[in-house]
Amino acid sequence: MRMSKQEKKRLVPALRFPDFRDKGEWSREKLGTVATLYKGKGISKAEIVANGIRPCIHYGELYTIYGETIHETVSRTNVDARELFLSKSNDVIIPASGETKIDIAKASCVMSDDIALGGDLNVIRSSLNGIFLSYQLNGPLRLSIAKVAQGDTVVHLYPTQIERLDVLVPSRTEQQKIADCLTSIDELVTAHAQKLDALKAHKKGLMQQLFPAEGETEPKLRFHEFRDKGEWEKCPLEKLTPYNKKYGIVDGPFGSNLKTIHYRKEGVPIITSGYVTEGFFVAEKYDYVTPEKFEQEKRSAVKGGDIVMAKIGARCGASAIMPIDHPDGILSGNALKITVDETRFSTPFVWQRLWCLYLSQGLDGLKKVGAQPAISIANLKQFEITLPGTRDEQQRIADCLTSVDELITSQTKKLDALKAHKKGLMQQLFPAMDEVRA
């Protein structure tokens, strides 16, 4: 299905279904010549009610809920139909305002009639296949939309700007074929995302059973070999670090104001809170400090097997274990680390316990009140967790939860691979704008 370099210069995609290889070039049209643009009508948040008589769509839901197609809506309203703008099946909607120019390029095809469309929505009504158009707006035309959007703090997109966009149009039959292909990929993405959510929910439920509830000293679910081992005990985190370990719990020295002074392109990696992603340590690109600077700040060293925690911001308290084979690093100013005495305690257990408390309580007892939440080292050292008296039981619980984590990691990789496959497929199924003849 590959095209030659000469053919790529024509208005045809790099990847084309066999039925359409001899069907000639796609046409290039101004969207305003093949579609009519409308604006939705305002539906305030107060007018969205759980048991409303009419389904409706608010512009913010395009960013958080819907993909390229909308078969079922999540919101409803009781506003009189005469005061609403109602959809026709095949309408494509796109936000009229957003936070960034690139994010405003978020289109969805409405698959039903008579859905109330909110006031901050642009509505594209055409004879094109709406799903095909939605994929094209979200993919090849995304940068084009970002270029015409206006504003900085709040970005606006008007019908007159959308009308001037160039769209690439094959036959209606080929549009349907492309829409069906990409929809089938999205169905797989949705199925894998649901499986991932189910695994995360399973782990959360398991943690609630394996750890004692607030105010209790034994879990609801205990492995049979430990049922006669007595109650769990409370222990401050500082006592879980190695004996006489002065730097068992520390934060980092490097803030953004020091970046131009100390950061390098090679050396000792700087470990930031941004690498803590839903309980997993994920790092793709590092800043570094020189080995000499690392030696000066050795108190803030972090090694594989340490617990890294976000110190400040909205995700304050989120944590992950740095992989055991990770090279030694130095903490950023927005992160801290906990080194557990492995001769007496299980690091994976301590982390799983902290992660469970973060998910259920946000670790609010640790945080200082200010412009944004933050954790002090003094508070963290004295923060108490409940744990069983034997390291064997701690490790047994950690192994159980880690086995679920491995399933979550595997499922996450499958989902990411599908999303990457879809992105690559979209680049192949639509002609590239920079390869099209003027």
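The dialogue below goes through several features of a predicted model and asks what each description rests on.

User: Why is lysine 203 called buried?

Analyst: The relative accessible area of lysine 203 is 5%, and buried means under 20%, so lysine 203 counts as buried. This residue belongs to helix α7, which spans residues 172–210, and among the residues that lysine 203 touches are Trp351, Trp355, Leu401 and Asp405.

User: What makes the pair of lysine 203 and glutamine 352 a polar contact?

Analyst: The two side chains come to 3.0 Å, and the cut-off for a pair of N or O atoms is 3.5 Å, so the pair of lysine 203 and glutamine 352 qualifies as a polar contact.

User: How do you know that serine 346 is buried or exposed?

Analyst: Serine 346 has a relative accessible area of 0%, and since buried means under 20%, the conclusion is that serine 346 is buried. Its place is in the loop between β23 (335–338) and α10 (347–361), where its side chain makes a polar contact of 2.9 Å with the side chain of glutamine 395. Setting aside residues up to four places away in sequence, serine 346 touches Val340, Arg391, Gln394, Gln395 and Ala398.

User: And why is valine 74 called exposed?

Analyst: Valine 74 has a relative accessibility of 52%, and exposed means over 50%, so valine 74 counts as exposed. Valine 74 lies in the loop between β4 and β5, and, leaving aside neighbours within four places in sequence, it is in contact with Glu61, Ile65 and Tyr66. From valine 74 to glutamate 61 the separation is 13 residues in sequence and 8.8 Å in space, C-alpha to C-alpha.

User: What makes helix α4 largely enclosed by the rest of the structure?

Analyst: Helix α4 covers residues 130–138, and nine of its nine residues are buried, so the helix is largely enclosed by the rest of the structure. Among these buried residues are Phe132, Tyr135 and Leu137.

User: Why is the pair of tryptophan 26 and phenylalanine 132 called tilted?

Analyst: The ring centres of tryptophan 26 and phenylalanine 132 are 5.9 Å apart and the planes stand at 55°; rings pair if their centres lie within 6.5 Å, while planes under 30 degrees apart count as stacked and over 60 as edge-to-face, so this pair falls into the remaining class, tilted. The pair links distant parts of the chain, since tryptophan 26 sits in the loop between α1 (5–8) and β1 (27–30) and phenylalanine 132 in helix α4, 106 residues apart. Both tryptophan 26 and phenylalanine 132 are buried. Another tilted pair is formed by tyrosine 286 and tyrosine 288, at 6.2 Å centre to centre and 50° between the planes, and ring pairs link Tyr275, Phe281, Tyr286 and Tyr288 into a cluster.

User: How do you know that β2 and β4 stand at the edges of their sheet?

Analyst: Five strands form this open sheet in the order β2-β10-β6-β8-β4, with mixed pairing. Strands β2 (35–39) and β4 (69–70) each have a single partner strand, so one side of each is left without a neighbour in the sheet.

User: What makes β6 and β8 a pair of strands?

Analyst: Two strands pair if there are at least two bridges between them, and β6 (residues 91–95) and β8 (residues 108–110) share three bridges in the antiparallel sense, so β6 and β8 meet the requirement. Isoleucine 93 stands opposite serine 108 in β8.

User: What makes arginine 125 a charge that sits over the ring of tyrosine 38?

Analyst: The charged end of arginine 125 is 5.1 Å from the centre of the tyrosine 38 ring, and the distance limit is 6 Å, with a further limit of 35 degrees from the ring normal. Lysine 177 likewise lies over the face of phenylalanine 17, at 5.6 Å from the ring centre.

Terms used. Residues numbered from 1 in each chain as written. Predicted model: local features only at pLDDT ≥ 70, side-chain atom pairs only at ≥ 80, totals over all residues. Heavy atoms only, no water. Helix = DSSP H or I, 4+ residues; strand = E, 2+ residues; numbered from the N terminus. Buried < 20%, exposed > 50% of the residue type's maximum accessible area, 1.4 Å probe, protein only. Polar contact = N/O pair within 3.5 Å; in protein donor to acceptor, adjacent residues only side chain to side chain. Contact = heavy atoms within 4.5 Å. Phe/Tyr/Trp six-rings, centres within 6.5 Å; stacked < 30°, edge-to-face > 60°.
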